[in-house]
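This briefing sets out selected features of the structure shown below. The points are grouped by topic.

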Amino acid sequence: MKKNGLKTSALCEFLQDVVAPQADELDTQQSIPKRLRDQAGEMNLWGICVPTEYGGIQLNAEDFSKVCMATGKASGSLLSLLTIHSMVCAAISRWGTKQQKQALLPELASGRKLAAFAQSEPQVGCDVANLQTVIEKSAHGYVINGVKKWISGAQVADLFLVPGLHQGKPIALLVERATAGLEITAINDMLGFRAAMLGEITLNNCQLSHDTLLGSEMFGLAQLVGSVLDVGRHAIACGATGLAQACLQLSTEYASRRKIDGKPMDQLQLVQQMLSDSAVQARAAMLMCMDAAKARDEGQPDMIVKSSAAKYFASMTAKLAADNCVQILGAYGCSGESAAQRLFRDAKIFDIIEGSTQIQQTLIAGEGEHWVFN
Amino acid sequence: METQQLKESLRGFLQEYIKVADFKDDENIFAAKYVNSLFVMQLILFVEKEFAIRVETEDMELANFCSVDALAAFVDKKQSEAAA
């Protein structure tokens, strides 16, 4: 994939100039309105993981990372929608049949259809091998039964990639919103990412054709983890880095104009300590994301652990930078008059979604040390 | 690439993950639990980059990835198809 600097720059400008100023309002309203989703579509945001032959602008990993950082800096909720949509687009682009690609990718690239990844369940998060959703063979294809919970974008998504167990092994099906037996209940009032329009999905004897299977029955788990969750982890790592950048920007700006004893706050050493911690960690997180992006662009096998490590570090960085930001802004940072409280709440979500910090630690430790020195 | 060279390259990669030094070329690395099915994705990334092939969904069979011999035969077949 080639670099697409012009489209990347235009998207980043759109995110900064159009989305970021609305982020607090979106958070309060707990939704991203269709008007803004359509605007994002016009800017090709929904097509960044779709090949050009299917109407997308498929960015390479470096540019994809920049867009995810800019999205995370502008709005964690929009980043959440972009992440799940991109995960499904990437999965179809990588493992879809020609028919699936032709039927779905142009719609997804334009944003006429939005996609969501419906993995989590009331009793299962990342543990794909122990999902309770059951997929059985039927005369015409598959029947799926189960409940999915905490699904970002569920309130508005048109297409769901739904993993479940088939004969004890995870596989994933592409399920249209209009499928008979599929019901969606909105989940609101989350701690952070409040505009990500979460929902619970009940799948009650949903009948699906053979061609809804994405990937293989044999290695469904590897395909899911390798090409779907991995893309999500990378997007979230970059988004968390973007949030840390937003916190640093807000902290620096405030500390330069707020005076204590006639001196700007940023002249105080203890404030400088917080600013420098946030700055250095945000920089390190960005470099880890770009290092992982380079591995992805080169198709290196260690790209998976590098994105996981970037997600682990960037989500901790987001929490630190948000904590410092609220601390520096004081009461103002705790109030609705500042974005700091939204950033603080959103920062915690990065610690949990697309594999919690503890899941990343397990994965990183299991990889040994060889990737560290490459 | 000669079959022996191909196998050495595959063994070199697998050896980074498999801690047993003397696994055999015809040994099923999944059945022996040297690696789990999640490792397949890293294996795919490696063979795609190293041997300039593209792994498709229809290739996702255990028979193609289960041993050094199987992998070598699979890569050889994909390269022959691409050259044809």
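Where in chain A does Gln167(A) lie? Gln167(A) is placed in the loop between β4 and β5 of chain A. The model is a predicted one, in which local features need pLDDT of at least 70, side-chain atom pairs count only at pLDDT 80 or more, and totals for chains, interfaces and linings use all residues. Residues are numbered from 1 along each chain as its sequence is written, while chains are lettered from A and ligands numbered from 1 in the order in which they are written.

- Gln167(A) has a phi near 50°, a positive value in a residue other than glycine.
- With 10 other C-beta atoms within 10 Å, Gln167(A) is exposed; the classes are buried for 20 or more such atoms, exposed for 12 or fewer, and partly exposed in between, with C-beta atoms placed from the backbone.
- Trp150(A) also belongs to a named element, strand β3 (residues 141-151) of chain A; helices (H or I, at least four residues) and strands (E, at least two) are DSSP runs, numbered from the N terminus.
- The phi of Trp150(A) is near 65°, a positive value in a residue other than glycine.
- Trp150(A) counts as partly exposed because it has 19 C-beta neighbours inside 10 Å.

**Domains of chain A**

- Chain A is divided into domain 1 (5-114), domain 2 (117-214) and domain 3 (220-366), with bounds from an automatic or database domain assignment.
- The centres of domain 2 and domain 3 of chain A, taken over C-alpha atoms, are separated by 29 Å.
- In chain A, 13 residues of domain 2 are in contact with 11 residues of domain 3, a contact being two residues whose C-beta atoms, placed from the backbone, lie within 7 Å.
- On the domain 2 side of this contact, β4 (159-166) and β5 (169-176) of chain A are the elements that give two or more residues, and β5(A) gives the most, with 4 residues.
- That side of domain 2 has 11 nonpolar residues, 1 polar and 1 charged; Ala, Val, Leu, Ile, Met, Phe, Trp, Tyr, Cys and Pro count as nonpolar, Asp, Glu, Lys and Arg as charged, and the others, Gly among them, as polar.

**Contact between chains A and B**

- Chain A places 17 residues in contact with 14 residues of chain B.
- On the chain A side, α7 (220-257) and α9 (303-329) each supply at least two residues, and α7(A) gives the most, with 6 residues.
- The chain A side comprises 9 nonpolar, 8 polar and no charged residues.

**Helices α5 and α6 of chain A**

- The axes of α5 (residues 76-95) and α6 (residues 98-110) of chain A come within 10 Å and cross at roughly 150°, and therefore α5(A) is roughly antiparallel to α6(A).
- The contact is formed by Cys89(A), Ile92(A) and Ser93(A) of α5(A) with Gln100(A), Lys101(A), Leu104(A), Leu105(A) and Leu108(A) of α6(A).
- Axes are lines fitted to C-alpha atoms, for helices over the stretch in contact, with angles from 0 to 180 degrees between N-to-C directions; angles under 35 degrees count as roughly parallel, over 145 as roughly antiparallel, 65 to 115 as roughly perpendicular and the rest as oblique.

**Ala23 of chain A**

- Ala23(A) is in helix α2 (residues 23-29) of chain A and counts as buried, with 23 C-beta neighbours inside 10 Å.
- Leaving aside neighbours within four places in sequence, Ala23(A) is in contact with Ala74(A), Ser75(A), Ala339(A) and Arg342(A).
- Ala23(A) and Asp346(A) are 323 residues apart in sequence and 11 Å apart in space, C-alpha to C-alpha.
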